[in-house]
Amino acid sequence: MKIMFLAAEAAPFFKVGGLGDVAGSLPQSLLAHKDVDDVRLVLPLHSPYDLSSYELELICEFSVIHPDGKVDAKVYQHNIDELIVYFIDGEPVANHPSVYTADPANDGNKYVFFSLAALELAKTLKWQPDIVHGNDWHAAPAVYALKIQNDPFFKNTKTIITVHNLPYLGKGAEGALAAFGLPGSTDETLPIWARYMPLPLGLSAADKITAVSSGYADEILTQEYGSGLHEFLGVRKNQLSGILNGLNMDYWDPKTDRQIHNYSTSTLDERIENKKKLQTELGFGINRQIPLISVISRMDHQKGIDLIIRALRSLMDKSWRAVIHGSGDPEIEERVRRLCREFPDRIQAKLNYDDDLPHRIYAGSDMILIPSRYEPCGMTQMIAMRYGCIPIARATGGLRDTIQDYGVDKNTATGFLFETASAKELSARIRKGLGVYGDEEAWRRLQSNGMTQDFSWGDSTEKYVQLYKELITL
Ligand code: ADP
């Protein structure tokens, strides 16, 4: 079984959010499966990132057809053990300040080129994948092109598209699709406005659609979460399934993580060393008792940072300190800055992207807030639980699927859930959490329940392989 796996980001090369975690670990896990022979991960070569510590070999050059003239592509290869990783370079992917930018037309040009270059790469290498597995809108044009171009080279290739974040439809890429010669869809079940956007085109063309949790797979069939595509997705319901993301359990392991003072469920007392260090790093005095609340998140409306700000303000009668780490929307960042200026002794912010700091926060803080308005899967809560940091999260999508609520069964609980995306409910749940934190035994149980959950790729890899097999035998 030969799989071509396309994504915009993958750890450790470039990571912005959960997709980077997934594309940085699922391909390896697939490759380790007995029925999978060959997995090749294809990424754009994002120029601002320094890849000089990886050996990259230029393996081929070709052109992607463009009605205004061909666009040149260069492909570099790097191997992670058996896994082959291809990096696609060319004018449309170069000179972007980041993996994603605020310029949809430019991003559109980059990812349409990337998608088409990935297909061209397979042809140049004469490597016929059984499955092209595209992730999100960035790879959707590949799935669409494969379907409509009917190239005999791909006559036995089947496609899957995985939805990590439905509202990102690739709006703004319409011009790029047309420029690269990809017409709109003739699928009449697609709303008219969606017939020129990458993700809807991919969803319409793919042989199978997966969402990154079964909760989210159900939610996107509803008006509230369907981004205008719920009825269309309803038509494709038999091709849609939810497969929960797994975690790179070796990378995220408090027993071996080199960035922290190590601990496990049997040495939980040691965890306090991380809290002390983090308190010092944040400029808070060392104090075992005062709970340390954390946030590690993109600063985005989706993530409910505004709810966090309001909830924290309503909890000034309680004793706690907080650290907010993340970057994104400048307006949200400014609101966080203002909050910190008001309460400098209680709240510190680190408004940047930093691959290392989250390790220290997961290991050193007591609870983490995740009041997402929607959450396709969420990696943050899984990492937090693995590190004994208790999630207080909105019951939606993958958060609902992975966190067991204290209110349901204290003995098996791994965190605290609340239903409505409101500051009031979040505040009430934090208040509950602060109360339970005072009960050392109950808190320990929450921590060890979370730390012993199996968030590995095992089951989910099996599900993907079954899906691939189903397609191949069609
Ligand atoms: P999303 O993909 O929507 O951003 P997830 O919860 O699925 O949310 O994944 C977020 C991932 O990004 C986690 O691994 C988290 O630790 C990481 N992360 C979030 N913000 C930052 C940041 N500022 N610096 C480094 N890593 C971050």
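**Exercise 1. State what covers the buried residues of helix H10 in this predicted model, and decide how far H10 is enclosed.**

Solution.
Step 1. The cover over the buried residues of H10 includes strands S10 (292–296), S11 (321–325), S12 (347–350) and S13 (367–370), together with helix H11 (330–342) and helix H15.
Step 2. The residues of H10 that are buried are Ile305, Asp306, Leu307, Ile308, Ile309, Ala311 and Leu312.
Step 3. Because 7 of the 9 residues of H10 are buried, the helix is largely enclosed by the rest of the structure.

**Exercise 2. Describe how H10 packs against H15.**

Solution.
Step 1. Two packed helices are described by the angle between their axes and by the distance between those axes.
Step 2. The axes of H10 (residues 305–313) and H15 (residues 423–437) come within 8 Å and cross at roughly 55 degrees.
Step 3. Angles under 35 degrees count as roughly parallel and 65 to 115 as roughly perpendicular; H10 and H15 are therefore oblique to each other.
Step 4. Their crossing is right-handed.
Step 5. On the H10 side, Leu307, Ile308, Arg310 and Ala311 take part, and they meet Ala423, Leu426, Ser427 and Ile430 of H15. By type, the residues of this contact are 6 nonpolar, 1 polar and 1 charged.

**Exercise 3. Classify the ring pair of tryptophan 252 and tyrosine 362, and locate both residues.**

Solution.
Step 1. The structure holds 19 aromatic pairs.
Step 2. In the pair of tryptophan 252 and tyrosine 362, the ring centres are 5.6 Å apart and the planes stand at 85 degrees, so the pair is edge-to-face. The cut-off for this class is over 60 degrees.
Step 3. Tryptophan 252 sits in the loop between strand S9 (240–242) and helix H9 (272–282), while tyrosine 362 belongs to helix H12 (residues 357–364), so the pair ties together parts that are 110 residues apart in sequence.
Step 4. Both tryptophan 252 and tyrosine 362 are buried.
Step 5. Another edge-to-face pair is formed by tyrosine 437 and tryptophan 443, with 5.2 Å from centre to centre and 80 degrees between the planes. Tyrosine 437 and tryptophan 443 are both buried.

**Exercise 4. Is leucine 182 buried or exposed, and which residues does leucine 182 touch?**

Solution.
Step 1. Leucine 182 lies in the loop between helix H5 (174–179) and helix H6 (198–205).
Step 2. Its relative accessibility is 4%, so leucine 182 counts as buried; the cut-off is under 20%.
Step 3. Leaving out residues up to four places away in sequence, leucine 182 touches Val112, Leu116, Pro141, Tyr144, Ala145, Ile148, Gln149 and Leu177.

Methods: Residues are numbered from 1 along each chain as its sequence is written. This is a predicted model: local features need pLDDT of at least 70, side-chain atom pairs count only at pLDDT 80 or more; totals for chains, interfaces and linings use all residues. Side-chain values use heavy atoms; hydrogens and water are left out. Axes are lines fitted to C-alpha atoms, for helices over the stretch in contact, and angles run from 0 to 180 degrees between N-to-C directions. Helices (H or I, at least four residues) and strands (E, at least two) are DSSP runs, numbered from the N terminus. Angles under 35 degrees count as roughly parallel, over 145 as roughly antiparallel, 65 to 115 as roughly perpendicular and the rest as oblique. A crossing is left-handed if the near helix is turned anticlockwise from the far one by less than a right angle, and right-handed if clockwise. Contact means heavy atoms within 4.5 Å. Ala, Val, Leu, Ile, Met, Phe, Trp, Tyr, Cys and Pro count as nonpolar, Asp, Glu, Lys and Arg as charged, and the others, Gly among them, as polar. Rings of Phe, Tyr and Trp (its six-membered ring) pair if their centres lie within 6.5 Å; planes under 30 degrees apart count as stacked, over 60 as edge-to-face and the rest as tilted. Buried means under 20% relative accessible area, exposed over 50%, partly exposed in between (1.4 Å probe, protein chains only).
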